[in-house]
Amino acid sequence: MQQASSWILDSSLILVAAGTFLLAVSAAVVGSFTFLQKRSLVGDAVAHSILPGVAAAFLFSGIKDPWWLMLGALISGWLSLSLMDFLSRKTKLSQDTAIATVLSVFFGIGILLLTYIQHLESGHQSGLDQFLFGQAAAMKSRELWIYGGLALVLILCTLIFFKEFKLLSFNPDFAQTLGLPVRGLRILMNSLMVLAIALGIQAVGVVLMAALLITPSAAARNFTDRLKAMIVIAALIAGFSALLGSAISFSAKGMPTGPWIVMCLSILALLSLFLAPKKGMLARMLLQKRHQQKINDENLLKAFYHYGERHANLAQWIQLKDLEEVRDFAEEDQSKVLKRLIHKGHLLRKGEAFQFSRAGLDEARRVVRLHRLWEMYLSQRLRLKSDHIHPNAETMEHIISPEIEAQLLEELDYPDKDPHQSPIPYRS
Amino acid sequence: MSIEAFYIILTGALVAASSALLGSFLVLRRMAMLGDAISHAVLPGIVIAFLISGHRESLSLLIGAAASGLLATFLIELLHRKARLQEDASIGISFTWLFAIGVLLISAYTGQVDLDQECVLYGEIAYVPLDQISFGGLWTGPRPVLISATLFVLTLAYIIISFKGLKLLSFNEDHAKSLGIRTQVWHFSFMAMVSLVTVLAFEIVGAILIVALLVVPAATAFLWTRSLVPMLILAVVLGIAASAGGYYLALGLNGSIAGAMVSVAGIFLAITVLLKVLVQKKA
């Protein structure tokens with residue numbers, strides 16, 4: 001018990017957790033805008049491109065001072081952003097090639113400079129090396145104050161310019177016509193992005209930086225359609241992962257913080273992509289399955305109706321094999337569909353034979369009515385030939401809502417027969 | 001030139017040439033960032049292969065890397081098509097997650113795995129002459145030279161055999177489909193080749209710099225040429241030149257050879273772009 005409390009109160013854990021929390025949240029906020037502009041991989045490239053700037057700043061200043069390193073990082077991040085833009089605008093290189101070339105060349109130069117420094121005077125560059133993997137666990141309080149402070153400034157800036165950034169991300173032309181200083185705002189937005197990346201690298205390192213930008217927004221996207229809510233959810237997910245990742249890396253000796261943060265983020269994102277209500281993969285698959293079941297149910301009811309209609313007796317007992325006479329849709333396993341229809345109370349069963357219940361007959365009438373009404377509409381209003389309208393009506397009969405049905409009835413003035421001269425069934 | 005220098009440059013040139021051949025198609029198919037993703041994503045497979053087999057023997061390494069490369073391709077497709085996430089985000093999430101798993105595995109088994117994070121990132125082509133192998137007195141030389149030569153022959157053979165399919169796939173995928181060509185076969189065999197080059201180049205130039213060798217010479221060649229075969233040849237020549245130039249630059253600066261190779265390739269691209277933009281302005 002005592003051990004646990006001393007672990008929780010460990011001051012360096014609090015320091016690291018607070019630092020990574022701020023860095024992850026600011027990256028998530030900026031990342032939401034880049035995510036929506038489909039510039040996520042641009043962020044990845046900027047992260048790699050920061051390395052030569054850091055190495056050059058160290059070579060130039062000769063000291064490992066956070067302010068100098070940050071300045072170097074910002075300059076080379078900015079340079080890479082402009083170069084990517086230049087390459088894809090002025091040459092025939094595609095955007096992804098421009099991103100990949102800038103990323104790899106800047107990183108190569110960075111590695112060259114880093115190894116040059118390494119061989120120049122040993123020992124001094126150890127802090128620079130941590131730039132690649134993040135140095136969350138090694139963060140000193142002075143660095144934390146600087147980086148944490150910058151992260152707060154960044155979050156505040158985004159809050160102040162939220163409306164402008166939103167407009168710029170979704171509708172830059174409209175922003176221009178409103179008289180907004182689009183150029184200046186874009187420079188500000190890009191600067192914040194470079195700053196967020198330079199900061200986030202302190203937490204997770206160059207290679208994993210892309211995760212800090214992309215993954216929280218991807219996880220938040222499925223829960224909301226509103227930008228504000230998405231940013232808040234993304235920030236919460238990022239902050240929670242940062243705290244959890246720091247805690248795990250502290251409790252397990254020798255475990256790096258950055259990869260654990262990314263691990264937590266990725267798992268949360270995958271869970272949300274698969275399980276989120278309404279938009280998650282699972283929810284959409286279930287919806288699709290339910291829709292398919294509805295279509296199968298309605299098609300079988302319709303077949304029973306057609307058979308009954310042909311034999312002028314809708315109340316008779318019909319066997320499944322009798323339906324071959326009228327059924328023109330593809331063969332499939334009907335036993336499940338039958339079971340469902342009986343369960344719903346649409347069909348009654350006696351041995352191998354089936355009969356409409358009252359509700360089932362109404363339902364079958366409804367489907368047939370919708371089919372024939374739609375055929376009527378297609379032939380009357382769109383002047384389609386009567387041999388062309390059946391396939392379209394086969395789809396539409398499952399989708400038409402009661403409101404549209406009412407509209408159709410009014411529009412066509414309650415017709416008795418469809419274009420093929422079959423009667424349109426109304427409620428008995 | 002010393003024999004050591006010759007072996008290093010030769011290995012670099014063979015890897016760069018293989019990468020340039022495949023990279024040209026990556027550039028044409030606008031899939032440069034997919035190459036980047038795969039090169040990061042093979043890490044966990046390689047580490048697991050190390051853990052299971054206990055040595056750096058290439059075959060187990062290859063199987064592990066191919067498996068995680070395939071897993072990455074599958075994950076990207078799943079997130080993009082089934083979970084309807086936009087493509088760039090699908091790529092970003094997949095490779096960072098797999099890379100994080102790889103780094104965590106390395107950290108968890110440090111000491112048991114003869115692999116550190118630095119080697120993963122930069123590779124160490126300077127050790128090439130030390131890793132000697134002998135074939136019954138017929139040939140004695142560095143193992144990486146043999147491996148990269150085999151890789152080059154394999155890649156060249158693949159390109160020649162699949163040339164027609166790859167060309168159609170790169171320039172007009174829909175047309176290829178309408179001709180009844182099984183584009184999926186070509187797509188996956190191509191991605192498998194990219195994974196193969198990535199893995200074999202892994203020890204030599206590292207996970208990240210392999211992307212540079214795949215994309216940069218190919219992009220430079222793309223700017224100079226108008227048809228596929230000249231582009232492939234120029235890309236290979238540029239890759240070889242970057243390898244030789246990089247060796248001497250690294251020698252002069254006393255820095256990473258792989259980093260210098262990429263820097264030289266970058267200089268070629270920068271000169272090309274400058275010349276092209278100047279000509280454009282005059283015209």
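The following is a conversation about a predicted model and the terms used to describe it.

Biologist: What should I know before reading the values?

Modeller: This is a predicted model, in which local features need pLDDT of at least 70, side-chain atom pairs count only at pLDDT 80 or more, and totals for chains, interfaces and linings use all residues. Residues are numbered from 1 along each chain as its sequence is written, chains are lettered from A and ligands numbered from 1 in the order in which they are written, and side-chain values use heavy atoms, with hydrogens and water left out.

Biologist: Why is A:E298 called buried?

Modeller: Buried means under 20% relative accessible area, exposed means over 50%, and partly exposed is in between, with a 1.4 Å probe and protein chains only. A:E298 has a relative accessible area of 2%, so A:E298 is buried.

Biologist: What makes A:E298 and A:R366 a salt bridge?

Modeller: The term asks for a side-chain nitrogen of Lys or Arg within 4 Å of a carboxyl oxygen of Asp or Glu. In the pair A:E298 and A:R366 the closest N and O atoms are 3.1 Å apart, so the pair is a salt bridge. The pair links distant parts of the chain, with A:E298 in helix 14 of chain A and A:R366 in helix 16 of chain A, 68 residues apart. As a general point, side chains of opposite charge can pair when their charged atoms come close.

Biologist: What is meant by helix 16?

Modeller: Helices (H or I, at least four residues) and strands (E, at least two) are DSSP runs, numbered from the N terminus. Helix 16 covers residues 358–381 of chain A and holds A:R366.

Biologist: How do you know that A:R366 makes polar contacts with A:E298 and A:E363?

Modeller: A polar contact is a pair of N or O atoms within 3.5 Å; within protein, one must be able to donate a hydrogen and the other to accept it, and residues adjacent in sequence count only if both atoms are side-chain atoms. The side chain of A:R366 has a distance of 3.1 Å to the side chain of A:E298, and the value for the side chain of A:E363 is 3.1 Å. Both A:E363 and A:R366 also belong to a network of salt bridges with A:K294 and A:E298.

Biologist: Why do A:R365 and A:D362 count as a salt bridge?

Modeller: Their closest N and O atoms are 3.9 Å apart, which is within the 4 Å limit, so the pair counts. A:R365 and A:D362 are 3 residues apart in helix 16 of chain A, so about one helical turn separates them. A:R365 is buried because its relative accessible area is 12%, while A:D362 is partly exposed because its value is 25%.

Biologist: What makes A:R89 exposed and A:D85 partly exposed?

Modeller: A:R89 has 57% relative accessibility, so A:R89 counts as exposed. A:D85 has 39%, so A:D85 is partly exposed. The two form a salt bridge, with the closest N and O atoms 3.5 Å apart. Both lie in helix 4 of chain A, 4 residues apart, about one turn of the helix. Over all chains, the count comes to 17 salt bridges.

Biologist: Which residues make the nonpolar surface patch?

Modeller: The patch of about 530 Å² is made by A:F60, A:I63, A:W68, A:L71 and A:I75. Patches take residues with over 30% relative accessible area and no salt bridge; like charges are joined within 9 Å, and nonpolar side chains (Val, Leu, Ile, Met, Phe, Trp, Tyr) within 5 Å. Accessible areas come from the Shrake-Rupley method with a 1.4 Å probe, and for residues only the protein chains shown count as cover. A:W68 has 34% relative accessibility, so A:W68 counts as partly exposed. Helix 4 (residues 66–90) gives the most to the patch, with 3 residues.

Biologist: Where is A:A312, and why is A:A312 called exposed?

Modeller: A:A312 is in the loop between helix 14 (281–310) and strand 1 (318–319) of chain A. Its relative accessibility is 72%, so A:A312 counts as exposed. Phi of A:A312 is near 50°, a positive value in a residue other than glycine.
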